[in-house]
Amino acid sequence: MGQESQQMITICSDSVGETAESVVRATMKQFAGQDVQLRRIGQIKYEDDIRAIMEEVSRIGGFVAYTLVQPELREMMRSEAIRLGIRAVDIMGPMMQAYIDTFHDAPSRKPGLLHQLDEHYFRRMEAIEYSVQYDHSQDVKTLPEADIVLLGVSRTSKTPLSIFLGHKGYKTANVLVVPEMKPPKELFQLTNQRVVLLTMDPEQMLKIRTERLKTLGLPAGASYTTRERIQEELDYAHALAEQLQCPVIDVTDKAIEETAGLILGNI
């Protein structure tokens, strides 16, 4: 072989490979302590490309995850995997076959349809732009434009969650809740928006805020990191949620994707 086998996953696609990489990364999160490298190879057009890629994988080790919509490319990937003894995971093929068998429809077999510049794409870009801009400017006048409004005290993951929801196509505003700061009046005038309060276990928040101060190079012991202050903020936030009659989600030990799923599942 001439080269030591690596902990490598090779992602192959006849488009950009983003779908396959998302699935692979979601899988990797379930495993700890593995130093696994990813490499992505997109825009695969010819059977010779696959042959060359699989020969290289045979040398460097690891396995292959692929999304190929052209049947001849999928067949070449399968045959090369068998010939070279490489594990190859077809991410899109079984789903396409299930669709064909169930709904008796034929696929277009055109790569990259997920990322074409259609109405959904532009709506998603607009949502991302709104979520980022609102987080930076906190312009309450644009609050009625939001699809989702996140409330929460400091360090409840409002910003990353709002950006994640923006990528899902939802204009998301996040509003910091502080006892000394009166909530914007626009918040009480919302009608169609999904307003959600994010909360967290006080002890968990204490740890996060303490680490945040260390990261900023600030001394510990500020009121920001006292149990009394944290409980005061959380109590105030819960009272506001009760006033608004909005749902409350405890984000303690929850991944951003899990919290987003809870919010979107109730829209």
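Start by selecting Met28, which is partly exposed, with a relative accessible area of 24%. Here buried means under 20% relative accessible area, exposed over 50%, and partly exposed in between, using a 1.4 Å probe and protein chains only. Met28 belongs to helix α1, residues 18-28. Helices (H or I, at least four residues) and strands (E, at least two) are DSSP runs, numbered from the N terminus. Leaving aside residues up to four places away in sequence, Met28 touches Ile9, Val36 and Leu38; contact means heavy atoms within 4.5 Å.

Before moving on, note that this is a predicted model, where local features need pLDDT of at least 70 and side-chain atom pairs count only at pLDDT 80 or more, while totals for chains, interfaces and linings use all residues. Residues are numbered from 1 along each chain as its sequence is written, and side-chain values use heavy atoms, with hydrogens and water left out.

**The whole chain**

Zoom out for a moment. The chain has nine helices and eight strands, and 36% of its 267 residues count as buried. Among contacts between residues at least 6 apart in sequence, 74% join residues at least 24 apart.

**Two loop residues with positive phi**

Next, select Gln43, in the loop between β2 (37-41) and α2 (47-60). Its phi is near 60 degrees, a positive value in a residue other than glycine. Gln43 counts as partly exposed, at 43% relative accessibility.

Now jump to Ser157, in the loop between β5 and α6. Phi of Ser157 is near 65 degrees, again a positive value in a residue other than glycine. At 31% relative accessibility, Ser157 counts as partly exposed.

**α2 against α3**

Select α2 together with α3, residues 71-84. They pack at an angle of about 30 degrees, with their axes 9 Å apart. Axes are lines fitted to C-alpha atoms, for helices over the stretch in contact, and angles run from 0 to 180 degrees between N-to-C directions. α2 and α3 are therefore roughly parallel to each other. Angles under 35 degrees count as roughly parallel, over 145 as roughly antiparallel, 65 to 115 as roughly perpendicular and the rest as oblique.

The crossing of α2 and α3 is right-handed. A crossing is right-handed if the near helix is turned clockwise from the far one by less than a right angle, and left-handed if anticlockwise. Show side chains for Glu47, Ile50, Arg51, Met54, Glu55 and Ser58 in α2, which meet α3 residues including Glu72, Leu73, Met76 and Met77.

While you are in α3, pick Ser79, which is partly exposed with a relative accessible area of 31%.

**α7 against α8**

Move to α7 and α8, whose axes come within 10 Å and cross at roughly 120 degrees. These helices are therefore oblique to each other, and α7 passes α8 in a right-handed crossing. Pro202, Glu203, Met205, Leu206 and Arg209 in α7 meet Arg227, Ile230, Gln231, Glu233 and Leu234 in α8. By class, the contact has five nonpolar, one polar and four charged residues.

**α6 against α9**

Then select α6 and α9, which pack at about 60 degrees with their axes 10 Å apart. This crossing is right-handed too. On the α6 side are Pro160, Leu161, Phe164 and Leu165, meeting α9 residues that include Ile256, Ala260 and Ile263. The contact has eight nonpolar, one polar and one charged residues.

**Into the cores**

Which residues touch the most other members of the largest nonpolar core? Select Leu143, Val149, Leu150, Leu151, Leu187 and Ile263, from a core of 33 residues. A nonpolar core is a set of buried Ala, Val, Leu, Ile, Met, Phe, Trp, Tyr and Cys residues joined through side-chain atoms within 4.5 Å. Elements that each supply at least two residues include α5 (119-137), β5 (148-152), β7 (194-199) and α8 (227-244). α8 gives the most, with five residues.

Center on Leu151 and show its neighbors: beyond four places in sequence, its contacts include Val175, Leu187, Val196, Leu198, Leu240 and Cys246. For the last stop, select Cys12, Leu73, Met76 and Ile86, which are among the 14 residues of a second, separate core.

Conventions:
Ala, Val, Leu, Ile, Met, Phe, Trp, Tyr, Cys and Pro count as nonpolar, Asp, Glu, Lys and Arg as charged, and the others, Gly among them, as polar.
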